[in-house]
Amino acid sequence: MKFFSVLLCMFASFSVVLSQKATLDHAKVDERTLSAVQDHHNRRMEKLRSMIQERRQLVADHESGHRRLSGEEFDKATRQLRNFQRKLESMEQTNTREHHLERIEEMRSLHDENREDYLHEASFSNSNLPIGTPPGTH
């Protein structure tokens with residue numbers, strides 16, 4: 001029983017150390033992470049702009065008679081054009097530093113939740129292993 005108490009204390013202290021290290025790592029990568037989130041946001045907006053241009057060209061070609069689309073294809077292209085434009089407008093309104101920081105915080109929160117779930121599952125799955133068996137080798 002004493003062995004399990006020691007093991008539990010070691011696991012708890014290890015979890016605290018990991019938590020503190022993760023907090024320090026988050027502080028170090030803020031600007032790099034912010035830049036990555038901003039770049040991703042900008043790439044998505046560029047992709048939407050190109051998709052909007054493609055749909056405009058499809059609709060214009062259809063209306064000029066250059067390339068006739070079926071009724072279903074034309075409806076799909078006009079619907080996509082409207083949706084892509086709305087999405088782009090929405091993304092342009094949220095293209096702020098504050099929004100990107102909120103997004104980073106959401107990602108961190110999900111990461112922390114997943115890490116806690118993993119550690120919780122690992123502690124239960126390792127409790128049935130013989131002493132000295134490395135984790136993940138069951």
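At 46% relative accessibility, Glu54 counts as partly exposed in this predicted model. The neighbour in its salt bridge is Arg55, and the closest N and O atoms of the pair are 3.3 Å apart. Arg55, in turn, counts as buried, with a relative accessibility of 14%. This pair is a handy way into the structure, and the wider setting comes next.

The protein chain contains four helices and zero strands, giving the pattern α-α-α-α along the sequence. Of its 138 residues, 18% count as buried. Among contacts with a separation of 6 or more, 73% join residues 24 or more positions apart. The chain exposes about 10700 Å², and 56% of that area comes from carbon and sulfur atoms.

In the whole structure, five salt bridges are found. One of them links the side chains of Arg49 and Glu46, at 2.8 Å from N to O. These two residues sit three positions apart in helix α2 (residues 30–64), so about one helical turn separates them. Arg49 is partly exposed at 32%, and Glu46 is partly exposed at 49%. Together with Glu92, Glu46 and Arg49 belong to a network of salt bridges.

Helix α4 (residues 97–126) holds Arg108 and Glu105, again three residues apart, or about one turn. Their side chains form a salt bridge of 3.7 Å, N to O. Here Arg108 is buried at 16% relative accessibility, whereas Glu105 is partly exposed at 47%.

Finally, the surface carries a patch of positive charge made by Lys76, Arg79, Arg82 and Arg86. Arg82 lies in helix α3 (residues 71–93) and is partly exposed, with a relative accessible area of 46%.

Technical notes:
Residues numbered from 1 in each chain as written. Predicted model: local features only at pLDDT ≥ 70, side-chain atom pairs only at ≥ 80, totals over all residues. Heavy atoms only, no water. Patch = residues over 30% accessible without salt bridge, like charges linked within 9 Å, V, L, I, M, F, W, Y side chains within 5 Å. Areas by Shrake-Rupley, 256 points an atom, 1.4 Å probe, with all protein chains shown as cover. Salt bridge = Lys/Arg side-chain N within 4 Å of Asp/Glu carboxyl O. Lys, Arg positive; Asp, Glu negative; His and termini not counted. Charge placed at Lys NZ, Arg CZ, Asp CG, Glu CD. Buried < 20%, exposed > 50% of the residue type's maximum accessible area, 1.4 Å probe, protein only. Contact = heavy atoms within 4.5 Å.
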